[in-house]
Amino acid sequence: MNIFPAIDLKDNKCVRLTKGAEQSAIVYNQNPLEQAKFFEKQGCERLHIVDLDAAFGRPEVNKTTIINIRNSIDIPIQLGGGIRSEVVLKNYINAGIDFLIIGSFAVQNPELVATISKKYLERIYFALDVLDKKIMIKGWEDQSNLTNVDVFQHFNNTDIKGYVLTDVSRDGMMKGLDIALIKENLTLSKKNLIVGGGLSSYEDIEELCKLKSKKIEGVIVGKSFYEGNINIKEAMDILKQNA
């Protein structure tokens, strides 16, 4: 399991939202490029970027910033938010983005995404954004008709790399991870999970470690870092101690 620090981009600034609500944005760093370099210097093995503007239908706003981050650090990047066509996905892969996280596009075009995942093996994750047992799409503004069970039934046997599980109800709330939800999805999934949404303390990380699951690929650290609750190196130390 690894720590994946998050940079959520809005208007080319590093922000955090509460439950994905656009109007709740708080700016934590005016310079996301420097933030990315900081995470790399801390020893993080992968960076988690979300293009919030693209998720809300404004795909061009942060594109240059994302490419600049890619060209300025050496660690892998996983990118989500507004990737709603094969053209967009291919352009980011050609630009050097290592992993793409797809939500709305995969929900609405499951067969096409299954086919695309064969072209880009080990590069695509499904964005398992869960609220009230349904999968949220379009920047979490719309609720799909799919449950997590539906998603696993369709995508477990495809070539996607894994799932990024986010508890929308807890995202940015600093209420702690829903360990029961994580357990449920670990049971259903045949692939790795990256978990996020609600991480608030070192105890959350310790609880994840207690699950002893090799399918937990990483945990996303966002607001808990920016609010000073979690130090990246201390969090990584906990993972090493429990490896």
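## Basis

The model is predicted: local features need pLDDT of at least 70, side-chain atom pairs count only at pLDDT 80 or more, and totals for chains, interfaces and linings use all residues. Residues are numbered from 1 along each chain as its sequence is written, and side-chain values use heavy atoms, with hydrogens and water left out.

## Overall build

Eleven helices and twelve strands make up the secondary structure listed for the chain (DSSP runs numbered from the N terminus; helices are H or I of at least four residues, strands E of at least two). The chain is as compact as a globular protein of 243 residues, because its radius of gyration is 16 Å, close to the 18 Å of the globule rule (taken over C-alpha atoms; the rule is 2.2 Å times the number of residues to the power 0.38).

Of the 243 residues, 54% are buried (under 20% relative accessible area, with a 1.4 Å probe and protein chains only). Taking contacts (heavy atoms within 4.5 Å) between residues at least 6 apart in sequence, 69% join residues at least 24 apart.

## Ser117

The side chain of Ser117 reaches the backbone oxygen of Ala114 at 2.6 Å. Leaving aside residues up to four places away in sequence, Ser117 touches Ile124, Thr158, Asp159 and Ile160.

Definitions and conventions. Buried < 20%, exposed > 50% of the residue type's maximum accessible area, 1.4 Å probe, protein only. Polar contact = N/O pair within 3.5 Å; in protein donor to acceptor, adjacent residues only side chain to side chain.
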